[in-house]
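Let's take a walk through this model together. We'll begin at the ligand and then turn to the aromatic rings.

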Amino acid sequence: MSARSLPGIGLAVLAIGLILPSCDSSGSRLSFPADFLWGAASSAHQIEGNNTNSDLWDWETRFEERSGLAANSYVLYDQDAELARTLNLDVYRFSIEWARVEPARDTWSDEAIAHYRDVLTSLIRRGIRPAVTLHHFTNPKWIYDIGPDPWESPEMVEEFEEYARRMAHEFGARVDLWMPWNEPNVYAVGAYGLGRFPPGRFGLLSPTEKLVPVVMRNVIEAHIRAYRAIHETDKIDADGDGAAALVGVAQSTMAVEPADPAQPDHVVAADRWARFWNWLFLDAVARGDFDEDLALDEDVDRPDWAGSLDFVGVNYYSRMKVLPQPGLMGPLAVLPCFSDDQVSAVAAVIGTLGCPEPTLEKTDTGWEIYPEGFRDVVLQAWRRYGLPIVVTENGIADAAGDKRASYTLRHLEALHQAMEEGADVRGYWYWSLIDNYEWGSFKPRFGLFRVEYENDFRRVLTPGGEVYAEVAESDSIP
Ligand code: FCB
């Protein structure tokens, strides 16, 4: 994100001329800009192991498997940095575990801070830029001293701001790329909407009661306060590209489509769901437009919030088909269908939900493979905000290892198309560098490296990882 590190439509549009991707002279490869940021991503709870002080640790007893030592990366982080180097990556996105650095309220752990400093150093000395997430689904246990539903309390906004400020202070000399939140929509809905993460509430049934106006509002405010705290604190340009800090978000996006495009009420339902799922958080922090009552108006009711985002991080995996369903999810009145194996199992039990059968090839998690939707979502995000885009996650659960290369190449081709149509995309970070704990199970294997859990956590390059290393080296795809 070097010379083009400042956001803003004007600059970004000017920059398009410089970054348009193209075919090379032989016509056989699609090329990306030379300064395109190739990367891979991970998160603390999923790889570090022994994350005992986080709120998910005890909660995991409800899941199929517990995280235990995960991929043992708290110990093997230097090896992981070396893996990233062998893949020719420019960036490694990982998360700091809040529960480790602030094990008790307002008490900071020198040891954990020193650990993350070592992690950063091990990347930087290999020429890899760190991109740091501050919240990737887990919280310190002490937040429940605030109350049984901590993110319903504005105290969490204060706590999060303090945490972000402290991290910027500790690591600002080494980090320029920050994401306070990973998938704020998945977190808020998972923890306060669908009962999947602690504290396990079911607010999605009536989202305008607490989920959106209270929890989402606090999550949004926490981002905005973190955005400001990081910019106030991190004044050091670690990678020498002219920007001391760029603060974005890794937003979970889906290709959202009407179950039956010929039916106008399906089209309306899909639009409502897309605004809620893909754009609610981004509209608030980028434009100051917070649709708290889900009335789908464009009121800019918080102009002071606008501009609290330097880049849009797009996490993209699959698509959703949406049906109208009066009575479901308050004013949204929709039934979103997602071909996840777990969700489908629930749907099978309930029986008559009316979701269309998935028609596309699926991954090991049952997610339909849909690169066209990736192009669409990236273009939509670009047109909606005019901010630089980074693909902060995209990848496949593929235990056999025979689909990853083609999945990745097809998605990169779709991304290339979005760039040709004008989207200012600065990087692509594959999820994930190594296999890890997928929120309840080790079965889904997303890694560019396979982890042999029974064999001292040995990391083994997958065929997809081999292909990705070539892409990163040549800035092009076949
Ligand atoms: C995303 C999460 C990430 C991982 C991938 C597969 O929603 O951010 O932690 O679970 O999905």
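Predicted model: local features only at pLDDT ≥ 70, side-chain atom pairs only at ≥ 80, totals over all residues.

Residues are numbered from 1 along each chain as its sequence is written, and side-chain values use heavy atoms, with hydrogens and water left out.

Start with the ligand. Around it you'll find Q46, H136, N182, E183, Y317, E393, W431, E438, W439 and F446, where "around" means having a heavy atom within 4 Å. Look for an oxygen atom of the ligand 2.7 Å from an N or O atom in the side chain of Q46. For the side chain of E393, the value is 3.0 Å from a ligand oxygen to an N or O atom. Taken alone, the ligand exposes 290 Å², and the protein buries 93% of that (areas by the Shrake-Rupley method with a 1.4 Å probe).

Now for the rings. Phe, Tyr and Trp rings (for Trp, the six-membered one) pair if their centres lie within 6.5 Å; planes under 30 degrees apart are stacked, over 60 edge-to-face, and the rest tilted. That rule gives 33 aromatic pairs. One of them, W151 with F160, is edge-to-face, at 6.1 Å centre to centre and 70° between the planes. W151 counts as buried because its relative accessibility is 0%, with buried meaning under 20% relative accessible area (1.4 Å probe, protein chains only). Y316 and F374, by contrast, are stacked, with 5.1 Å between centres and 20° between planes.

Terms used. Polar contact = N/O pair within 3.5 Å; in protein donor to acceptor, adjacent residues only side chain to side chain. Buried < 20%, exposed > 50% of the residue type's maximum accessible area, 1.4 Å probe, protein only.
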